[in-house]
Amino acid sequence: MKKFEYKTVKVEPKGFWQTKLDPEELDKILNALGQEGWELVGMQDLAVNGTSWTFHYTFKRSLD
């Protein structure tokens with residue numbers, strides 16, 4: 001039976017109203033984790049009244 005470990009990364013938008021998410025910075029984070037063997041399996045946008053305040057990215061990688 002395959003075994004996995006999981007990791008959740010919190011990414012918060014920047015800017016005055018916290019509405020700016022830098023795609024290049026996000027790519028750096030995702031690519032770095034991919035190089036470590038992590039696979040993105042889910043993303044959750046935590047929004048309040050239609051405004052995104054933070055994003056949680058969940059990754060997994062095999063322990064084998």
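1. Lysine 10 and glutamate 12 form a salt bridge, with their closest N and O atoms 3.2 Å apart. The term salt bridge is used here for a side-chain nitrogen of Lys or Arg within 4 Å of a carboxyl oxygen of Asp or Glu. Lysine 10 is exposed, at 51% relative accessible area, and glutamate 12 is partly exposed, at 38%.

2. The model is predicted: local features need pLDDT of at least 70, side-chain atom pairs count only at pLDDT 80 or more, and totals for chains, interfaces and linings use all residues. Residues are numbered from 1 along each chain as its sequence is written, and side-chain values use heavy atoms, with hydrogens and water left out.

3. How many salt bridges does the rule give? The count is two. Besides the pair in point 1, glutamate 5 and arginine 61 meet through their side chains in a salt bridge of 2.7 Å, N to O. Glutamate 5 belongs to strand S1 and arginine 61 to strand S3, so this pair ties together parts that are 56 residues apart in sequence. Glutamate 5 is partly exposed, with a relative accessible area of 28%; arginine 61 is also partly exposed, at 25%. In general, side chains of opposite charge can pair when their charged atoms come close.

4. Three strands make up an open sheet with antiparallel pairing, in the order S1-S3-S2. Strands S1 (4–11) and S2 (39–48) are the edge strands, each pairing on one side only. Direction ignored, neighbouring strands of this sheet are turned by 20 degrees against each other on average. Strands (E, at least two residues) and helices (H or I, at least four) are DSSP runs, numbered from the N terminus, and two strands pair if DSSP finds at least two bridges between them.

5. S2 pairs with S3 (residues 51–62) in the antiparallel sense over nine bridges. Leucine 46 has threonine 54 as its bridge partner in S3, and glutamate 39 has lysine 60. The two strands form a hairpin with two residues between them, and asparagine 49 in the turn has a positive phi of about 55 degrees.

6. Where does helix H1 lie? Helix H1 (residues 23–35) lies across S1 and S3, and runs at about 165 degrees to S1. Contact means heavy atoms within 4.5 Å. Axes are lines fitted to C-alpha atoms, for helices over the stretch in contact, with angles from 0 to 180 degrees between N-to-C directions. Glutamine 35 is in helix H1 and counts as exposed, at 73% relative accessibility. From glutamine 35 to asparagine 49 the C-alpha separation is 36 Å, although they are 14 residues apart in sequence.

7. Lysine 14 sits in the loop between S1 and H1. Its relative accessible area is 59%, so lysine 14 is exposed. Lysine 14 and tryptophan 53 are 39 residues apart along the chain, yet their C-alpha atoms are separated by 9.5 Å.

8. Phe4, Tyr6 and Val41 make a nonpolar surface patch of about 290 Å². Phenylalanine 4 is in strand S1 and is partly exposed, at 31% relative accessible area. Patches consist of residues with over 30% relative accessible area and no salt bridge; like charges are joined within 9 Å, and nonpolar side chains (Val, Leu, Ile, Met, Phe, Trp, Tyr) within 5 Å. Accessible areas come from the Shrake-Rupley method with a 1.4 Å probe; for residues, only the protein chains shown count as cover.

Note on methods:
Buried means under 20% relative accessible area, exposed over 50%, partly exposed in between (1.4 Å probe, protein chains only).
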